[in-house]
Amino acid sequence: MAAKTLLILPGDGIGIEVTAQVRRIIDWMAKRRNVAFEITDGLIGGAAYDAHGTPLPDATIAAAHKADAVLLGAVGGPQYDDLPFDKKPERGLLGIRKQMGLFANLRPAVVFDALVDASTLKPEVVSGLDIMIVRELTGGIYFGEPRGIETLPDGQRKGVNTLTYTTEEIRRIGRVAFDLARKRNGKVCSVDKANVLECTILWREEMIKLHQEEYTDIELSHMYVDNAAMQLVRNPKQFDVVVTTNMFGDILSDCAAMLTGSLGMLPSASLGATDAKGRRPALYEPVHGSAPDIAGKDMANPLATVMSFAMCLRYSFDMAEDADLIENAVKAVLKGGLRTADIMQPGKAKVSTSVMGEAIVRELDKMV
Ligand code: IPM
Ligand code: MG
């Protein structure tokens, strides 16, 4: 079998510390599971700007196209705030998503039993929660044209962004959501703002059509995004799969993350279309950002990144058993009472990023 190739892009801030914990797991897998990954490193975001004057060097894109999968840390930091728009670290992230064609972003929000009390919501509201947010990732207002800031004849300035979706863009993300629901609890809630935005009237119409044509076994419902935000904190367990536009998905997934106790707990997978050779472009990253305030302090929660790697094993390498091992190791470490600062609770042991990483490897050792 050909070696499995993984490109690691640590990025900025805590991205460096959290991806380093995945390396420990990869080393462990080589030793104890006899799985060899061929790892390459690359630069993205502010780190790439510092080295090469661009947040997305051509070499990074070339390496991303070559690898079977990409694992990304996070991008951004206050030292880059004054850069021109096209040099900002976030352009690197949006650029790689677009150039790899990663239109489907899967953001599962799962509440572990050990962390039920870490949520700001009541335990009965979140215990056992397991929902999947499917965010469209390469279209919508993030990429629509025209865009920009212009100066009007009277000297005022005007900012413009455009929300667009085509039939095909809607249908392909819809299929991802319906297919996932088939493997879960058979329910999809499509979130839009069809009471106001024509673009999302089309979104709703196409979701309904696709459902009738190919997925009548799935229960499809629709919700306006403002109501969805409210329902996510009122009664999140009513959802199974939520499918929505790029920007609504960005916002709702941060909201869903907090149901799990911390933004530091949410992994994600971004997937493209499978090509004729059966290859599917894929990038895995934690939902959280670069957290400049705690960067370099060995304080960040590495679990979202560790679980993103588990998603990578599941979706890119068809290694469900190893993915389960990693997820179970995470559960065991939490059950054992170890907590990074963001999920610290009374009576638990506060540990650093690296101690958390070591503890996961120790748990893995006990499991095989
Ligand atoms: C996310 C982030 C990004 C986004 C930023 C960093 C560009 O918030 O992945 O959710 O808006 O997509
Ligand atoms: Mg976001």
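**Figure 1. Accessible surface of the protein chain in the predicted model.** The accessible surface, from the Shrake-Rupley method with a 1.4 Å probe, comes to about 16100 Å², of which 52% belongs to carbon and sulfur atoms. Buried residues, meaning those under 20% relative accessible area with a 1.4 Å probe and protein chains only, make up 53% of the 368 residues. Local features in this predicted model need pLDDT of at least 70, side-chain atom pairs count only at pLDDT 80 or more, and totals for chains use all residues. Residues are numbered from 1 along each chain as its sequence is written, and side-chain values use heavy atoms, with hydrogens and water left out.

**Figure 2. The aromatic pair of F37 and F317.** Rings of Phe, Tyr and Trp (its six-membered ring) pair if their centres lie within 6.5 Å, with planes under 30 degrees apart counted as stacked, over 60 as edge-to-face and the rest as tilted; a search of the whole structure finds four such pairs. The ring centres of F37 and F317 are 5.3 Å apart and the planes stand at 75°, so the pair is edge-to-face. F37 lies in strand β2 (residues 37-41) and F317 in the loop between α10 (303-315) and α11 (320-335), 280 residues apart, where helices (H or I, at least four residues) and strands (E, at least two) are DSSP runs numbered from the N terminus. F37 counts as buried at 11% relative accessibility, and F317 counts as buried at 11%. Together with F309, F37 and F317 form one aromatic cluster.

**Figure 3. The aromatic pair of Y165 and W203.** This edge-to-face pair has 5.2 Å centre to centre and 65° between the planes. Y165 sits in the loop between β7 (157-160) and α6 (167-183), whereas W203 belongs to helix α7 (residues 198-214), 38 residues apart; both Y165 and W203 are buried.

Notes:
Chains are lettered from A and ligands numbered from 1 in the order in which they are written. Buried means under 20% relative accessible area, exposed over 50%, partly exposed in between (1.4 Å probe, protein chains only).
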